[in-house]
Protein chains: 4
Amino acid sequence: MVIVMEKHTSESNVEHVVAELTTRGFDVHRSTGSDHTVLGVVGHVDTIDPREFELMEGVQEVVRVSEPYKLSSRTFRREKTVVKARGVDIGGHDVVVMAGPCTIENEPQLFETARRVAKAGARVLRGGAYKPRTSPYAFQGMGVEGLKLLRAAGDKFNMLVVSEVMEISQIALMLPYVDVLQVGARNMQNYTLLREAGRTRKPVLLKRGGMYPTIENWLLAAEYILAEGNPNVVLCERGLPPYGDTNLRRNVLDLTAVPIVKGLSHLPVIVDPSHGTGKAALVPPLARAAVTVGADGLMLELHPEPERAWSDGPQSLDFPTFQALMRDLPPLAAAVGRRLRSA
Amino acid sequence: MVIVMEKHTSESNVEHVVAELTTRGFDVHRSTGSDHTVLGVVGHVDTIDPREFELMEGVQEVVRVSEPYKLSSRTFRREKTVVKARGVDIGGHDVVVMAGPCTIENEPQLFETARRVAKAGARVLRGGAYKPRTSPYAFQGMGVEGLKLLRAAGDKFNMLVVSEVMEISQIALMLPYVDVLQVGARNMQNYTLLREAGRTRKPVLLKRGGMYPTIENWLLAAEYILAEGNPNVVLCERGLPPYGDTNLRRNVLDLTAVPIVKGLSHLPVIVDPSHGTGKAALVPPLARAAVTVGADGLMLELHPEPERAWSDGPQSLDFPTFQALMRDLPPLAAAVGRRLRSA
Amino acid sequence: MVIVMEKHTSESNVEHVVAELTTRGFDVHRSTGSDHTVLGVVGHVDTIDPREFELMEGVQEVVRVSEPYKLSSRTFRREKTVVKARGVDIGGHDVVVMAGPCTIENEPQLFETARRVAKAGARVLRGGAYKPRTSPYAFQGMGVEGLKLLRAAGDKFNMLVVSEVMEISQIALMLPYVDVLQVGARNMQNYTLLREAGRTRKPVLLKRGGMYPTIENWLLAAEYILAEGNPNVVLCERGLPPYGDTNLRRNVLDLTAVPIVKGLSHLPVIVDPSHGTGKAALVPPLARAAVTVGADGLMLELHPEPERAWSDGPQSLDFPTFQALMRDLPPLAAAVGRRLRSA
Amino acid sequence: MVIVMEKHTSESNVEHVVAELTTRGFDVHRSTGSDHTVLGVVGHVDTIDPREFELMEGVQEVVRVSEPYKLSSRTFRREKTVVKARGVDIGGHDVVVMAGPCTIENEPQLFETARRVAKAGARVLRGGAYKPRTSPYAFQGMGVEGLKLLRAAGDKFNMLVVSEVMEISQIALMLPYVDVLQVGARNMQNYTLLREAGRTRKPVLLKRGGMYPTIENWLLAAEYILAEGNPNVVLCERGLPPYGDTNLRRNVLDLTAVPIVKGLSHLPVIVDPSHGTGKAALVPPLARAAVTVGADGLMLELHPEPERAWSDGPQSLDFPTFQALMRDLPPLAAAVGRRLRSA
């Protein structure tokens, strides 16, 4: 942490700040310029809100130097983490495709989708049993019945399954059925949920979101999971809140986040262009771009009849489009030194 | 709902959309222009995602006409709701001040603050026992011990108490101690929490926030509570995510939201300039402006020694500043036809 | 400027950065911690892009310490600037009201408006002769004929006049007619226009805006004018781009900017709640709040028949609402230690 | 345009709105539901601000149906526009690379860069002679001397040249030297500049930006140029203002805009990942992604010694990185059905 004192502040103000810092157990390096005095603070500052020192008389600005996350940082672990889930490696050489319906509606819808997903070469089936809906009057998901269907479909077509958890009490219900727990964008800063997910050892797919969806906050959210002892975190970029143009798309997919996060963290990062765009026509070009920007995987929504989907139909691919997209991806993955297997 | 068909789309496309609508039980009014055909859709469309129809062949745009919230709307209830909590009316003629520390730290800190808050004329004591913290390494709150202190301080100084609930399991723990349950900004779209808060009859202070902190989503969040039968919802504006200038303040307080919400909804609206600015020096001018813009109340953070606060010190008022602010407010309230009592 | 080196970077990297700095004429104070080495850089760093040093091997972060503007800063000039324009003081004890139509349409519209504005006690008449319009097919303003009408109306009703300049070639055309040159929000970072406005000695009303409408960039835009020798700059807050809710309002008025700017700069700051909200019904509460937050003035749009205005009718007040608002303001100004004269 | 009347509004209000519309020459189709009356408005509504009708008694909402731009729309022209500039086709089968220094500094810097750019296979040389700088104290460009150098470098290495124009008076100065006029992001809504650029027949590279950088506003800015008779507009995506994380990058590159614009407009779209990220390390992955998302070209900044660049060094590629990137691109272009020639 670096504390910059105001121009021409009094010596007693400087001494007061230094005293406060040493009382708290920090080492202080003082550097006096013609205009500003600057204090370099050394020690374990992770739990300090830098704004606290801004209150002190004579302080102009406090600058945090270390990043506030530790376990998710490249500094903590230099080699890439590969999250292993029952034979599928996320973050390894292969780019992993996860696909399925937004909401599990019934057996035929889910199984027909699963069959197509498996046939196209994807290794993970997604499907929502608990749905966060903006309106209390919208369908809220099938619950445990949906999870059972999901597990059965995954087993039948030899795929892993991933589904979203919305609150702590659902974790225990979901553990028997899913291979990956998804924490949705609206819950990225639901700290009690993150901590409970960290107390399991299931892989957690952590979507970027929350009220302050910065990359730093995303890694701090991962830190909540890691700090409880669960190292199996997969990050998922799914778009920032829209900046106007709300009739044209739903979110602003931030593909730049992929190389940024790969520089800061050892965790795998995948991309969800379905939520990230909100329009089926935009999903294929953005899925292709996500692979070339270096994503470790894709999460895609599809539906046998998007027009009749109970939720997110407008962003769901139909089967022919999905299959065509799957055929586009392997050469792109190869061009950036990765492998993506489709069939 | 209004569906605008693409220019020169075929008659069969129009008929297909009309058939789908009537199948779902809607009445359709068709208007054919030289360029565009427009379909007016009548019926209960609240649970439809307008994007669903955008998928259909020949549809250019779907426009929702009714607002998606009902119980929180002025259309549903024209007169202003007054939330009554043990003798304090929120949303009535009086502007209500809620004040106290960000975090409950210990008995002397809380009681000394409560004494000053009561003495200055505020009717509600705030204090956090469970704290949402960006970092897992930061202090997470005193829990039930803090709630007990809060209740004791409220009783001693004859004030209501309000505290934040972060997850469902905390609701039962909190009900014996608090008069108002606060749902924080990060949880505005935590739908399961909202629904459980709606199953109590405690007043709920609902802060604006979440990943998409629009006014419509705020009212939909209130709708989750109201739809469960709890009519005692107080809305609280506390700032949008910052737009640059992050060294100068923490959020962008949106005072315009107050008159907008008063036009759309019958619910009371208060303002939190402490979180809304993040800097103590900015709190008094924005608190004054909040009263003149028509807020039904204020929520303020203060601390005996802001420099030593365990959280949010930089935005906490010290006692002299708080007392001076309280003396500024009554004439402003009077100038806009309200009353604010300070002492 | 403070340069933070990466953890455990080599001594030769540190020396390389230090050498580069001293070559450029800076003094460097080095502070070595157990983790990080921090370099405090002293000298005239205003023209350096801090990102330049981020490129160097071993540099983790570069933090600018001084603000990049000088002449607009409180450090440069501690006392408040009062911009004097033909007998009207902007930034003095009185809160100044500027009002008039968005667009000058014809003599009756302008003169009737001017008469009402003057009668209500406002000292400055606004009116657009050159209009920035999103669509090339919209009315673009009356040009010089409009300026002549504006001057005549100002003279007849004994008011100053202010009008927007959109490009350099218009400055010479406008100087004979207007008392204050307005630079609109879309031109806040039109540097060549700012510089030319700085070469006049006319007061310049500088609206906040541009692609990066931060407070720092606003003060840097003012710096362009001041640096050419024109000290008569009045800042005007008029709202940030909307954050959703675009059907409910046009911009997000940032009243917190008023006390922030007053802390950083000696320049007067006024508020435009007409553009800042975009809806006439929201203008009175926000105008009242702007006065209590400490604004030095207000800019208001009005029109004899808002329904028939050629532009911005939806945000224009009609005369009765304007007059009622003017009567509301004096007690609010008095309550915050200022004076606003209405009639 | 569709006008939705308020629930249960009076018949006279409806008739008043209908009368106003027919007076202005529109045809009106009325549709009466049990709750709402909806008016479909047919005719040339392009120049109407939809908000104008929101003022009328009983109107709830006004919805624009047609897009407000015409000449830039796919409806106006279905086939893709290919902008032809002295033998280079922008928007054709080939993906065009434009590269060069941010600022023209001197002959050796420019010529050495040009030599490398040409050698790697790029067809267009970029270089700034007039620079928009946030601070008035920063270097503002070499002006005409820079343009002469740029022309000479282009001629010597057989490339087109593109440079930014900041104001009307520079257009005449630039026309003899440049092949493409660039309008920068800060000037996207500088309407007088756009109109003057439209009065030339030079290709105009129009960067997305301005205070409201929506896609609709971008196409309306293009419309200003097209409406003056210049059909040679190339759109350039270069990033939205950042959403936090300002220490990690400079803007948020919006690659989704590429397929969105290709759906709405016939104009070519290129991508500038240098400004779009602001960090050299992020440029190659985003450049690769831009090609796969369907961009018609790339604009890249490079410098012989990025550490010593006078501006934008941190986002400038050095030569080896640029050359490696150029070798990566052809297979990606081929994978999406395009051609990019590098050497």
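Val41(C) is buried (under 20% relative accessible area, with a 1.4 Å probe and protein chains only), its own relative accessible area being 6%. The model is predicted: local features need pLDDT of at least 70 and side-chain atom pairs pLDDT 80 or more, while totals for chains, interfaces and linings use all residues. Residues are numbered from 1 along each chain as its sequence is written, chains are lettered from A in the order in which they are written, and side-chain values use heavy atoms, without hydrogens or water.

**Val41 of chain C**

- Val41(C) lies in strand E3 (residues 37–42) of chain C; strands are DSSP runs of E with at least two residues, helices runs of H or I with at least four, numbered from the N terminus.
- Leaving aside residues up to four places away in sequence, Val41(C) touches Met1(C), Ile3(C), Leu21(C), Phe26(C) and Asp27(C), contact meaning heavy atoms within 4.5 Å.
- Phe26(C) is 15 residues from Val41(C) in sequence, and their C-alpha atoms are 6.4 Å apart.

**Helix H6 of chain C**

- Helix H6 (residues 191–199) of chain C is largely enclosed by the rest of the structure, because 7 of its 9 residues are buried.
- Among the buried residues are Tyr191(C), Leu194(C) and Arg195(C).
- Their cover includes strand E9 (160–165) and helix H7 (215–227) of chain C, together with helix H5 (168–174) of chain D.

**Helices H3 and H11 of chain B**

- H3 (residues 107–119) and H11 (residues 319–335) of chain B pack at about 20°, with axes 10 Å apart.
- H3(B) is therefore roughly parallel to H11(B) (angles under 35 degrees).

Definitions and conventions. Buried means under 20% relative accessible area, exposed over 50%, partly exposed in between (1.4 Å probe, protein chains only). Axes are lines fitted to C-alpha atoms, for helices over the stretch in contact, and angles run from 0 to 180 degrees between N-to-C directions. Angles under 35 degrees count as roughly parallel, over 145 as roughly antiparallel, 65 to 115 as roughly perpendicular and the rest as oblique.
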